[in-house]
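Good morning, and thank you for making time for this.

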Amino acid sequence: MRKTTVTKAIMLHGRNYGEADRIMVAFTKERGRVDFMARGVRKIKSKNRALIQPLTYSDVELIETGGGLDLLTQGVLIESFVRLHRDFDRYAYASFLGEFLIQVLPEKEPDPELCYLFLQTLNHLDKRETPPEVVAWAFVLQALDHLGYRPAFDGCSRCGVPGPDAGVVLWASFEDGTLVCDRCGRPPGGYRLTPELLASCLALEAMDMRGPAGPELTGQMDGVEAFAGQLLEHVLERRQKSARFIRKLKEMRNPTC
Ligand SMILES: [Zn+2]
């Protein structure tokens, strides 16, 4: 018998298929990333039309088809994040996060904690006044940490000198996921983290998406974007993931090029 799953799902991406169908990528609570076919949803009369908008949150029923894509049978839209969809910057950063998740999430491996974090992140982008870049990079750093990819930010891995408070410059080694201080020597390919930059990264990592506002990082976001962007590139390259996404990321960080 074909297995049916009823699950909460955040739509990450969709592309049209055939006359009226759409292939969706969703981050589901029960089954992690699932790609599914939504038959006939582009027809005006389809009752599932509202469910397939990227960056919305729904209850969906999916049927496994054995080898092929899952099929959407029915569902109910829970949250459409209206403001996020109407604000160009907010939507751009939310799309960037959706694309990021598509790159890092394995297929059909449940990760309800990360799914919940992403839901809270969309909610924050939709309902709070925190600048969208602060929310987005906070999510990226928190997600990379959750997935085990980011350098341990707790000071020099050799001499133990702590992070920002000690006023020392630390170098992040993406390769072995550690920090090394100036006095212990720069690791090959290390990324220079000033005390201010490290403090900003720590503040973003500690940001509670359910709270009313993110940290104030005036003047620090360029540095954060450059560092977190490079970390992200490293992770994706290691996973041999799409050059297309890395290109998009570079465009996002440097919109004039
Ligand atoms: Zn040291």
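Leu 55 is buried, with 23 other C-beta atoms within 10 Å. By buried I mean that 20 or more other C-beta atoms lie within 10 Å of the residue's own; exposed means 12 or fewer, partly exposed lies in between, and C-beta atoms are placed from the backbone. Before going on, I note that this is a predicted model: local features need pLDDT of at least 70, side-chain atom pairs count only at pLDDT 80 or more, and totals for chains, interfaces and linings use all residues. Residues are numbered from 1 along each chain as its sequence is written.

Leu 55 lies in the loop between β3 and β4 (57–63). Helices (H or I, at least four residues) and strands (E, at least two) are DSSP runs, numbered from the N terminus. Leu 55 also has a positive phi of about 65°, although it is not a glycine. Most residues other than glycine have a negative phi. Lys 108 is another non-glycine residue with a positive phi, near 55°. Lys 108 is in the loop between α2 and α3, and it counts as partly exposed because it has 14 C-beta neighbours inside 10 Å.

That loop, between α2 (88–104) and α3 (112–127), also holds Glu 107. Is Glu 107 buried or exposed? Glu 107 is exposed, since 10 other C-beta atoms lie within 10 Å. The C-alpha atoms of Glu 107 and Ala 199 are separated by 34 Å, the two residues being 92 apart along the chain.

Let me now turn to the chain as a whole. There are seven helices and eight strands in the chain. Its radius of gyration is 20 Å, close to the 18 Å that the globule rule gives for 257 residues, so the chain is as compact as a globular protein of that length. The radius is taken over C-alpha atoms, and the rule is 2.2 Å times the number of residues to the power 0.38. Along its principal axes, the C-alpha trace spans about 65 × 35 × 35 Å. Buried residues make up 35% of the 257 residues.

The domain assignment gives domain 1 (1–80) and domain 2 (82–257), with bounds that come from an automatic or database domain assignment. Taken over C-alpha atoms, the centres of domain 1 and domain 2 are separated by 29 Å. In contact across the two are 15 residues of domain 1 and 20 residues of domain 2, where contact means C-beta atoms, placed from the backbone, within 7 Å. On the side of domain 1 that touches domain 2, the elements giving two or more residues are β1 (4–17), β2 (21–28) and β3 (32–38).

The core draws at least three residues from each of domain 1 and domain 2.

Of its 15 residues, 12 are buried, so α4 is largely enclosed by the rest of the structure. The cover over its buried residues includes α2, α3, α5 and α6. After α4 comes Gly 148, whose phi is positive, near 85°.

Helix α5 (residues 195–206) has 12 residues, which should span 16 Å at 1.5 Å a residue, and its end C-alpha atoms are 16 Å apart, in agreement. The expected span is 1.5 Å times one less than the number of residues. The buried residues of α5 are Leu 197, Leu 198, Ser 200, Cys 201 and Leu 204. Seen down the axis of α5, these buried residues fall within an arc of 160°, so they line one face of the helix; the arc is that of the directions from the helix axis to the C-beta atoms. They pack against α4, β6 (170–173), β8 (191–193) and α6 (221–238).
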